[in-house]
Amino acid sequence: METHPASQATARGPMGVMRFLALVLLGALIGAVAAALATGFVNAVLWLNEALLVSPRSRMMFDRPDMLLIATVAVPALGGLMVGLLHRAIAERRAHTPADVIAAVQTRQGRLPARAGALSALSALVSLGAGASVGQYGPLVHLGATIGSLGARLLRLGRSEDNITIACGVAAAIATAFNAPLAGIVFAHEVVLRHYALRAFAPIAAAAIVGYVIATSVLERGALFHVADTAVPQPWEFALFLAIGGLGALVAGAYMRATLGVARLAAHLPLAPALRPAAAGALLGATALWVPDILGIGQETLRFATIAGAYDSGELVVVLVLKIAATALCLGMGFSGGVFSPALVIGTLFGALCGSLVGELGALSTDTFIYYAVCGMVAVTAPVIGAPLTSLLIVFELTGSYALTTAALASVTLASPIAAQLFGRSLFDIQLQARGLDLSAGRGRAVLQSMPVGEHLSRDGVTLAPSVTVDRAVAELGRAGHGEAYLVDASGRYRGCVTLADLEGARASQDAPASVGELATVERPVLHPSTSLWAAMTTLETVTGEALPVVDEADDETFLGVVYETSIARAYLAHSDELRQEEHGTG
Amino acid sequence: MAPARRWRYGIGVLLLGLSLALAADSEEKAEALTVLSWGGAYERAQREAWFEPFTAETGIPVEVARYDGGLDGLRRAVASGEVPWDVIDMTRSDAMAACEEGLLEPLSPTLLAPAPDGTPPERDFLPDSIGRCAVTHTLFATVIAYRRDAFPGQRPTAIADLFDQQRFPGPRALQRTPAVNLEWALRSYRVPREELYGLLSTRRGLSLALDRLEQLDTIRWWEGGEQPVEWLLDGEVVMASGYNGRFFDAMIHRNAPIEILWDGQVQEHETWVIPRGSPQPESARELVRFTTSTERLAELARRIPYGPARRSATRRVTDHPETGQDMRLHLPTHPLNADGAIVKDEAWYARTLERIDDYFRDWLAAHVDE
């Protein structure tokens, strides 16, 4: 077993301070590496988009219309093929995403695998470079988290530190990609850690600042949106912003449902998993021949959506629906990439649509159009990534506009809770739930859900052959000092259990059975080694007894041992204590 | 400063005399370098700031031939094997094309001198100034100028004001080209400068830009560089695009009541290139190194308002030698003016100009009746 990190965490005095400062320094270091990689990643995507005729600029500069048609379909298709082949080298046959990071931190597993992380980043680079309609922030977050986890492992730190360094990498990636350090810090807390501990804050802040500094000195990019200085919305427009939030939650839901739905459908396709991204790429490319706006990360589309009059309402509806479909197709069919950038585009298109409709009613001057676009953007992205505060901070740090942030706040007020009620906390949470990890009841439960009872398996329970006589069974139990015995036949199969009370009762009765086999009760539920502690605890609610038998999953009858109620209770207390130390210890 | 320079020239001449004396047998007299440049006030400034001091220091006389842009003459000369020029003053876009065609000698970055404080050239020169075959010496800009008396009580401060005929009424003069006009039109929608060419690469971006131009009710289209200045002076238009050097000239020498709006200025690079087959490539390189030194670039900018390609030179620019005008305020590259500068994507234009031109001409024909 590992050393107990909680006890180290509580070290006070000069040594504690030194340890803590070292952790902050490590955070800054991880921030620097994650930021450098993130910068390289973003630049590599831009370069690939130029070289592979994905970006509008390169398409315009390429003066061969016939070749351009071929490239538009071939590049995403071949990119998809490469992605499919890359994913064969990952154990889960899919790219790792921020959902895996969240799962690792919430269940205190940590230890993100470096190889799968590197392969996922590579496949995301290929996906984005070839113009798939996926996001770049998810891969950056996962890359940063993998670097953080790697750092903790190299220094042989405990699980709590591993969680903090993962969050450091995440914060640095967001701070670098958006040029927004506060958003990076809040994202790491809001989405990944999901608790606030002073001990974690300082290293994460250090990582975010380093990322930000590197971003501002290396990456020179235009702000995501600009605001007219003079335009301030009318008071009544805030009611519209609230309404956009409510409707935006539904758009976010449609986007998430579509993505998950395509993934379910794809599983039934008569097509090898490695070939699915290629098929999606070809379909995407063919659609892009008519509507090129859906290709790639969609930076130009996002920009046009913030300009009043660039799209008319009809075009906005078409591009909005097609962008949702394209993203669901790419992500569902196995391209590697994030959900955030497409959500930004979808949300902004949705907001622009609301703005245009209000404008057509004649009530709006074009000065406040950007408010509608940004409200729509926040209303869709916040529910999808489950991060209302981060979305607001991104708006604030990118625009420096308090008025715009307030409008976005109005929108997110309704968007996040409505989407959470109807669909789930975020797309990540919904995906994890589908994989059997329910985070909706908090971290304490998530940790127990991820712990298999197998670790607490005991072999000192009394086992008897079903043919043993009642008298003999009573004697055996008396010798071992237990109240229950488990019946296992000659080929090792579990045949039920008997309690001392049953045996004594039978001995006293008139027609005493010849063997314990006849007395055995099979009502008591059995566990598998992989059953979670949480499921075991739920099972215990319906059982009175000292232990639960554990059988092999493969045949559901080979007896492996028992898990005592007291071990389960002890494990529960130990994990709760670790969590309390991690979340409330001051370091 | 002046005495120090004279002193240095003195040393230069002395050394030169010494070396000439030593090499008296092998070589009689340094052969003249032939520079191809643009003539006019620009050439005059180059002679004073660059060529005369160069001759004083090296003993190599400089002859200047008149250049009218383009690559046809150079192509013919290189093909015939008889290149009459040693150094050419060329726009960067032409230089990039000529370099790709193999018409130019490659230039080593080690050719360039460090700044006086020791800053290496690659950090002292503005971004993208040092190319494979060309090195930028100065930058000029296409800007908007407006009549000071046209808008009582307010003045344009942003390029979007070009399209705001409610606050700034009156006719405009623009160059009859898509370049610059399209960029300005998109900037008026607050598109960040870095994204201009990405958006202009789409139908939607082009039509947004042309929509903006269409909203102006009177546009006079100019082709020769002097035209917008004349129209402004005559009061035929109240705002006009044009070259910053021409507007400066009108303001200083003709006392014209006009002002330059620096926001949205589109900068272009003027570069030195050495043609393949130059008769004296060694001396040509020497001229390039000499004229791109911090001191020489600053001297040129005192005479004509073209921004030096070196940051260290921009900081050293002082008054005009004759009028005493503070020249820093008139340089496109001065920090006060350069804030809103648009960097022209020359690679983009090199590949798309024909199609963009066609698109623009069709639009002109369909929407503008003159």
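I began with strand β4 (residues 134-147) of chain B, which runs antiparallel to β8(B) and is joined to it by twelve bridges; strands here are DSSP runs of E of at least two residues, helices are runs of H or I of at least four, both numbered from the N terminus, and two strands pair if DSSP finds at least two bridges between them. Within this pairing I noted that B:Ala145 has B:Ile260 of β8(B) as its bridge partner.

The model is predicted, so I kept in mind that local features need pLDDT of at least 70 and side-chain atom pairs pLDDT 80 or more, while totals for chains, interfaces and linings use all residues. Residues are numbered from 1 along each chain as its sequence is written, and chains are lettered from A and ligands numbered from 1 in the order in which they are written.

I then looked up the other partners of β8(B). Strand β10 (residues 342-343) of chain B, by contrast, runs parallel to β8(B), with two bridges between them, and B:Val266 has B:Ile342 as its partner in β10(B).

Is β8(B) mostly covered or mostly open? I found that 14 of the 16 residues of this strand (258-273) are buried, that is, with 20 or more other C-beta atoms within 10 Å of their own, the C-beta atoms being placed from the backbone.

Last, I turned to the chain contact, where 17 residues of chain B touch 17 residues of chain A, counting C-beta atoms, placed from the backbone, that lie within 7 Å. On the chain B side, α7 (196-200), α8 (203-215) and α15 (346-367) each supply at least two residues.

Definitions and conventions: Buried ≥ 20, exposed ≤ 12 C-beta atoms within 10 Å, placed from the backbone. Contact = placed C-beta atoms within 7 Å.
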